[in-house]
Amino acid sequence: MSTSSDWAAWEQALKVKGCPASCWVRNLPLPNVQDNSFSSNQTNLCSVDDKVREAAATKLYRKLKPWQTRILRIDPSPESDEPVICTLLEADVIIHEGLGIVEEDGPREAPYEALSYTWGAPIFSLPIQINGVEFFITENLDSALRHLRFTNAKRYLWVDALCINQFDMKEKSVQVGRMFSIYQKAHRVVAWNSGWDQQKSTILSTVLANLSGSQKHSEDCVVRFKDLHQFLTSACEPPLFKRTWVRQEAFAARDLVMQFSDLTIPWSDYERIREFIESIGGRADASLKSAFPDFTDALYLKSPFNAIMTLVQPDFKYDHKSRSERNQAAINAPVSLLDALVFSSSFGVTDPRDLVYGIIGFTTVPVSQAGIDTHRPSLKVDYGRSVSEVYQDVVRYEIERTGSLGILDFVGSRPTSSDLPSWTPDWRLYDPKFAQHRVLNRTNSWKYGSIDAKRIGISWKPVQQPPTANGILLGRGIILGTLQHCVDEVTAWVPFISPSFESGFKERYGGRNFDDEELFRGVKRDYKSTFYDLFRDGNLPLYEGEVAGVKVSDAGKRMMTLLQNEMLEKIKQAVRGRVVAPPEPIRGNHTLGLASPSISLSPRSSVGNDIIVLFQGSPCPFVLRQSGRNKYTLIGRAIFPLWFEHRSTSFDDFRLNERTWSSNNAVYTETSNILESRFIWPEKMASIWKPVLQDAEFLDALEDFQLV
């Protein structure tokens, strides 16, 4: 890898006049702008009928045993225009490197390479010979096989389009479930980039050969650097990286190489080119650093953790020093399924189910196989299930894995005409900005109504879901209130003060009221101005949310009363039960949370008479709309109560020993659940919520719901 001093030398070289006529930049044969395309040059060939391909597949493929896959052996040819002749061999997935195959000279262990490429348009127009059977493939795959076959030796490749019978959904389900291990066992993964010719490949090889030099350049060379920058930027953002499957393939690869026509570039050299692009981009590109990141960038392919960190810390990509000091084990570790799914819409697929199946390999999800009990929540790859069923499977998996309904918070806003149930996130359309907003705005802190379900324990768990309930999610919840058409700006912002809290406060503090400035700073009896001062930029803690009026239920009042009393009890314990008489202030770190019972943040799509429900096992309330008898549509998350935090006058931030939202320990060690809730004061707030959620009177308000 080149060091930062190399790039500093480049920047200096661009400012110095004078370079020889033989300068490599001056003589680089850059293509014309109109020729600077790297997409596959798809011709107007017509695809053969699917029945023709299916008939060929029937002749070609035999049923595999559960432990088998296939490997493609490509015969050598000295000429690229000669017919492509291959043999498809059945192979045992063995514990050693390579695959176990049987050839003409007997059984052996065969090292192999795995191909990563784009399928492109489903135009199967070009024939190759496999086991004597004419089989039609796409133009891009045909080009890849012709460039990759050796001139004088056989080559062994694993190619998904050929090694899996695409017409057998049962086989496809099994083989896709083990694709990660197939790419992981390959001695290298070859990433085929379409649309390249000899001239473009020469440019790349020339750049690589001169990266370590410190030659000075004249003004006319600087102009050519701009053209070179444009060319390399296009070259290093190939269509291949926009493909969902490449995420898993690149992560699994022990050795990843980029193939540009006949030019093979190791991944380390590819990263050097990327750094060179940044170095010659100049300050003109500095403004791009603040833009929302492109998660198809090569930086994230080898490390999904980097993608998560860039999402929750937008400057992470450009913080090279900080990145280099991260725990390498964490950077190279699998992530949770939810962490991987939030980026799915950035990648292209032919089959929307592959937005899930194509990423399982680099996540912590156990993939269940027939006859294998993982004793853990798992997902089964099954192409017999519809897109809707697969996405529902994800929700049920996450509920079982986490013991929480937190996955419902990822539904976000999506078209009402969706083919999915209202409680199922649509990963085809999911906007990563939703997850980013959720983290950066601390939506899951206690003052926005979040409950750390894990710390509450077994008493606060979701309803167990029946395995065959397609399109329905069962839940037991408590109605906290009903949304109103408008907000009464005069009365709605008054904080809720229960009689028990008010009398208890006066008893503890020598007759003083809760808004005594000597005790807690900034406590007011009207929160309207406080709210609009906090969110004057309109960036509410609820993504695409708005202020809504609420008619609070008796259960909602009971919940707020219990929470206030528990907060007061914690303060009582902290001062060891004694009365803090005036003029004595409170000493130490104490927090008081107050909220209005008539104000909520709710999704913009909510309407009057929608209800706010807190489900068992949920970290937050949700807005529901009745759509039938005991059937409801999930509209989205609600923030209710919206707590206003008040700290004691002697509060010292530096003495705060509970883990805070921005704690490095919280962010960098929980790598497989980076987007799960990270609470301010988790232990303290869990101890406040726990007795509330075990209160018999409050739980008497539980009722059954069916989400559709």
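Me: Arginine 576 sits in the loop between α22 and β14. Why does arginine 576 count as exposed?

Reply: This is a predicted model, and every value here is computed from it. Exposed requires over 50% relative accessible area. Arginine 576 has 78% relative accessibility, so it counts as exposed. Its phi is positive, about 60°, although arginine 576 is not a glycine.

Me: What makes asparagine 131 partly exposed?

Reply: Its relative accessible area is 40%. That falls between the 20% and 50% cut-offs, so asparagine 131 is partly exposed. Asparagine 131 lies in the loop between β6 (126–130) and β7 (133–137). It too is not a glycine, yet its phi is positive, about 50°.

Me: Why is the contact between arginine 512 and glutamate 518 called a salt bridge?

Reply: The cut-off is 4 Å from a side-chain nitrogen of Lys or Arg to a carboxyl oxygen of Asp or Glu. Here the closest N and O atoms are 3.6 Å apart, so the pair qualifies. By this rule there are 26 salt bridges.

Me: What makes arginine 536 and aspartate 533 a salt bridge?

Reply: The N to O distance is 3.4 Å, which is within 4 Å, so the pair counts. Arginine 536 is exposed because its relative accessibility of 67% is over 50%. Aspartate 533, with 47%, is partly exposed.

Me: Why are arginine 647 and glutamate 645 called partly exposed?

Reply: Buried needs a value under 20%. Arginine 647 has 25%, so it is partly exposed. Glutamate 645 has 24%, so it is partly exposed as well. These two form a salt bridge, with closest N and O atoms 3.4 Å apart. Elsewhere, salt bridges that share partners link Arg73, Glu103 and Arg108 into one network.

Me: How do you know that helix α3 is mostly covered?

Reply: Helix α3 covers residues 139–148, and seven of its 10 residues are buried. Among them are Leu141, Ala144, Leu145 and Leu148.

Me: Which residues have the most contacts inside the largest nonpolar core?

Reply: That core has 139 residues, and those with the most contacts inside it include Leu145, Leu162 and Trp427. Helix α17 (residues 387–402) gives the most to this core, with seven residues. Apart from it lies another core of 32 residues, among them Met559 and Leu563.

Me: Which residues does leucine 162 touch?

Reply: Leaving out residues up to four places away in sequence, its contacts include Tyr61, Phe135, Leu141 and Leu145.

Me: How do the axes of α12 and α18 lie?

Reply: The axes of α12 (residues 304–312) and α18 (residues 432–440) come within 8 Å and cross at roughly 60°. Thr310, Leu311 and Val312 in α12 meet residues of α18 that include Pro432 and Leu440.

Me: Which peptide bonds ending at proline 583 and proline 641 deserve a look?

Reply: Proline 582 and proline 583 are joined by a cis bond, with omega about 5°. Proline 583 is in the loop between α22 (554–574) and β14 (591–594). The bond from phenylalanine 640 to proline 641 is also cis, with omega near -5°. Proline 641 is in the loop between β18 (631–637) and β19 (644–647).

Notes: Residues are numbered from 1 along each chain as its sequence is written. This is a predicted model: local features need pLDDT of at least 70, side-chain atom pairs count only at pLDDT 80 or more; totals for chains, interfaces and linings use all residues. Side-chain values use heavy atoms; hydrogens and water are left out. Buried means under 20% relative accessible area, exposed over 50%, partly exposed in between (1.4 Å probe, protein chains only). Helices (H or I, at least four residues) and strands (E, at least two) are DSSP runs, numbered from the N terminus. A nonpolar core is a set of buried Ala, Val, Leu, Ile, Met, Phe, Trp, Tyr and Cys residues joined through side-chain atoms within 4.5 Å. Contact means heavy atoms within 4.5 Å. Axes are lines fitted to C-alpha atoms, for helices over the stretch in contact, and angles run from 0 to 180 degrees between N-to-C directions.
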